[in-house]
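The definitions behind each term are given where the term comes up.

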Amino acid sequence: MDADGILDLYRRFVMPNYGPPALVLVRGRGARVWDADGRVYLDFAGGIAVNTLGHAHPRLVRAIRQQAGKLMHVSNLYAHEGQGRLAQALVERSLPGGRCFFCNSGAEANEGLIKLARRWGAPSGRYEVMTMRNSFHGRTLATLTATGQEKIQQGFAPLPEGFRHATFNDLDSCRAAVTDRTAAILVEAIQGEGGVLAAEPAFLQGLQALCRERDLLLMFDEVQCGIGRTGRWFGFQHAGVEPDAFSVAKGLGGGFPMGAIVAGPRLGEVFQPGSHGSTFGGTPLACAAGLAVIETIEEEGLLAHAEAMGALLAERLCETAARRPIVTQVRGRGLMAGIALDRPAAPYQDALREAGLLVIATAGNVLRFLPPLTVTPAQVRRAARLVDASLKSV
Ligand SMILES: *Cc1c(COP(=O)(O)O)cnc(C)c1O
């Protein structure tokens, strides 16, 4: 079927909630994808921080193929090796002594964190979860309420109770938002959808101190910035803080849908039999993908590589910013990068796609770059050249 035929099916049968698709893609390899007309693109959208190892990484493909032929799904009535090993791998890289719960998406992982906070707070009558304005935590009713952006909540009233919003990077506003009912603070180490805004280490350290002082849980949403993207396994590790629990999803399966909660020792046994669950959580197939992603990051040295490629990208984007006054800021950490413009970013996203580079416009005036951790220096330089040229031409 040709591109027009496919788009026609979308127009007639797929809900229009994402807006009209910009491209019809047919295959990918590393940081490149090909469309239905055979045009190749450098993929710095990265499936929105999902394609950790790029497209069709042989190691990930092999792991999924082999596991699919062996055992795909058993339900959580039964154990299998992959879930145990992936839980161990996540815990050992983040919160030693902790435990994991597996699910299927970022929203579901955050929903789990919210339930964990409520269950923990219930004996003391506390249930409120504080989140930040301009945050993004997902599209379920609870997580869209946690999300501090009205446009995401429009038309979905009544929203669930028990959420309060404070200002990101403003410790005083967080302190002021604590009530007798507060159980937890949930924060992104780097706001992704909000425009690639990193939390200041001092802010996160202050949140940790506030949580200790008021006996609150400190929780991180690592759905976008986790799994090596920033040059460390998890974004909070840059600030040297230790959360009580955090969520991961996007990059965890490298394209295979999965999510997880990792809880430290204090929360590891709050969920008891019957308190939470997910039919598809942590299947043998998903866990084989997750383990392949983590092992490949380690074996290919992709944490250090992400840091180096992020530094190269930031350096080139700063050169562009110095030359092009429409760039107001270069942001991010590692391979979660963005540039803020003094005008809407969408036309530049479209122009770059025409020029062969996929990037994501977000928060109105920000262009976001989320290439695979395997991206090469030549690909980073080429992307930066295309960005520079597009900012000149429009
Ligand atoms: C994408 C995202 C989510 C939601 O994840 P889904 O898998 O789309 O449900 C939650 N939090 C953050 C920080 C995200 O970037």
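Arg 323 is partly exposed, its relative accessible area being 48%, where partly exposed denotes the range between buried (under 20% relative accessible area) and exposed (over 50%), computed with a 1.4 Å probe on protein chains only. The model is predicted, so that local features need pLDDT of at least 70 and side-chain atom pairs count only at pLDDT 80 or more, while totals for chains, interfaces and linings use all residues. Residues are numbered from 1 along each chain as its sequence is written, and side-chain values use heavy atoms, with hydrogens and water left out.

**Salt bridges around Asp 388**

- Arg 323 and Asp 388 form a salt bridge with an N to O distance of 3.1 Å, the term standing for a side-chain nitrogen of Lys or Arg within 4 Å of a carboxyl oxygen of Asp or Glu.
- Because Arg 323 lies in helix 11 (residues 302-323) and Asp 388 in helix 13 (residues 377-393), this pair ties together parts that are 65 residues apart in sequence; helices here are DSSP runs of H or I with at least four residues, strands are runs of E with at least two, and both are numbered from the N terminus.
- Asp 388 also meets Arg 324 in a salt bridge, at 2.7 Å from N to O.

**Other salt bridges**

- The count of salt bridges comes to 17.
- Arg 59, Glu 81, Arg 85, Glu 295 and Glu 299 are joined in a network of salt bridges.
- Arg 316 pairs with Glu 315 in a salt bridge whose closest N and O atoms are 4.0 Å apart; Arg 316 is partly exposed at 26% relative accessible area, and Glu 315 is partly exposed at 43%.

- Residues lining the largest cavity include His 73, Tyr 78, Gln 83 and Thr 283, where lining residues have an atom within 4 Å of a point.
- The lining divides into 2 nonpolar, 9 polar and no charged residues, with Ala, Val, Leu, Ile, Met, Phe, Trp, Tyr, Cys and Pro counted as nonpolar, Asp, Glu, Lys and Arg as charged, and the others, Gly among them, as polar.

Notes
On a 1 Å grid over the protein atoms alone, a cavity is a set of points where a 1.4 Å probe fits but cannot get out, and a pocket is an open set with protein on both sides within 12 Å along at least five of seven lines; lining residues have an atom within 4 Å of a point.
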